[in-house]
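Let's take a friendly walk through a protein model. Have the sequence and the 3D view ready, and follow along.

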Amino acid sequence: MNGEPEVHEEFEARLKAYEGRSAAATGVGRDPVNEPMIRHWCEAMGDTSPAYTGPDAIAPPTMLQAWTMAGLTRRPERTAAYDELLTLLDESGHHAVVATDCEQEYLRPLRPGDEITFDSVIESVSGRKATKLGAGYFVTTRTDVRANGEPAGTHRFRILKYAPAHRSSKPAERRPRPVVNRDNAGFWEGVARHALLIQRCTTCTALRFPWLPGCGTCGSPDWDTVEASGEGRVYSYVVMHHPPFPAFEPPYAVGLIELAEGVRIVSNVVGVPYDKVRIGMPVRLEFRRYDDELVLPVFQGVTP
């Protein structure tokens with residue numbers, strides 16, 4: 001089925017028939033509950049609770065899903081029923097997907113050494129819902145987690161499978177204007193003449209970006225500027241898919257660019273497909289005009 005999504009009672013009854021069916025075969029956690037994973041989680045979250053360290057340590061309850069995840073290189077053991085449900089939605093026009101929320105219930109603490117097993121079930125499929133992204137169906141799976149055979153918690157995960165809304169033909173939106181103030185006006189004056197200027201402390205010579213009224217290294221308020229060579233590399237990046245913003249056409253890559261001078265700037269990576277952007281990719285500065293008023297520095301990806 002192509003085109004407009006099929007919407008009628010028979011179709012929704014077919015979706016409802018999957019409720020209660022298994023979403024994943026009985027799974028076994030790849031690792032027992034362990035102290036290194038707990039430590040890494042706490043460091044990433046900035047959680048310094050003493051409950052998660054020492055001889056009587058427990059795992060943070062919010063790690064519940066972490067012990068059931070398949071990892072980056074192994075596909076979750078989904079059942080044929082769950083694949084059929086997703087295929088049915090895809091073929092009816094609801095081919096886009098976005099995660100919406102999750103809920104967790106904790107039944108007992110998890111401790112280092114606990115062996116984890118779990119089962120997943122398709123708990124519910126909603127009726128057709130209209131959203132800003134488009135009309136679709138919320139699919140909720142429930143995972144029951146056990147530690148050494150005892151119930152330890154429940155994790156519910158909900159996605160929206162939807163048909164992307166058609167955009168109305170509106171006049172092209174302008175990009176947002178940068179906020180120019182007394183602290184960064186010199187930077188934007190440089191951009192207007194196609195120069196990317198970096199502040200330099202005239203006391204300790206430290207370079208800084210973004211522009212600030214004082215040096216973060218020595219505290220001096222005195223500075224001048226140096227012009228960036230324009231060479232750099234992708235230090236990190238994200239690909240924006242949702243939500244859509246006026247004047248932007250997703251998907252597109254936003255990079256944290258490390259300039260040859262050592263400072264970093266956030267900007268778009270252009271000239272290469274968004275899915276070809278990689279950490280470490282060389283980039284070269286260029287200035288792109290978006291309308292009569294707006295010029296922005298962007299970075300052209302350099303492919304081998």
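What follows covers aromatic rings, a nonpolar core and some paired strands.

## Before we start

This is a predicted model: local features need pLDDT of at least 70, side-chain atom pairs count only at pLDDT 80 or more, and totals for chains, interfaces and linings use all residues. Residues are numbered from 1 along each chain as its sequence is written, and side-chain values use heavy atoms, leaving out hydrogens and water.

## Rings that meet

You'll find 6 aromatic pairs here. Rings of Phe, Tyr and Trp (its six-membered ring) pair if their centres lie within 6.5 Å; planes under 30 degrees apart count as stacked, over 60 as edge-to-face and the rest as tilted. Take Phe187 and Trp188: their ring centres are 5.0 Å apart and their planes are at 80°, so this pair is edge-to-face.

Phe187 also pairs edge-to-face with Phe209, at 5.4 Å centre to centre and 65° between the planes. That pair links distant parts of the chain, 22 residues apart: Phe187 is in helix 4 (residues 185–192), while Phe209 is in the loop between strand 7 (207–208) and strand 8 (223–227). Helices (H or I, at least four residues) and strands (E, at least two) are DSSP runs, numbered from the N terminus. Phe187 counts as buried because its relative accessibility is 7%, whereas Phe209, at 21%, counts as partly exposed. The cut-offs are under 20% relative accessible area for buried, over 50% for exposed, and in between for partly exposed (1.4 Å probe, protein chains only).

## The nonpolar core

Which residues touch the most other members of the largest nonpolar core? They are Leu196, Val234, Ile257, Leu259, Val269 and Phe299, out of 27 residues in that core. A nonpolar core is a set of buried Ala, Val, Leu, Ile, Met, Phe, Trp, Tyr and Cys residues joined through side-chain atoms within 4.5 Å.

With 5 of its 7 residues buried, strand 11 is largely enclosed by the rest of the structure.

Strand 10 pairs with strand 11 in the antiparallel sense over 5 bridges; two strands pair if DSSP finds at least two bridges between them. These two strands form a hairpin with 4 residues between them, and Gly262 in the turn has a positive phi of about 105°. Strand 11 also pairs with strand 13, in the parallel sense, over 2 bridges. There, Val269 stands opposite Phe299 in strand 13.
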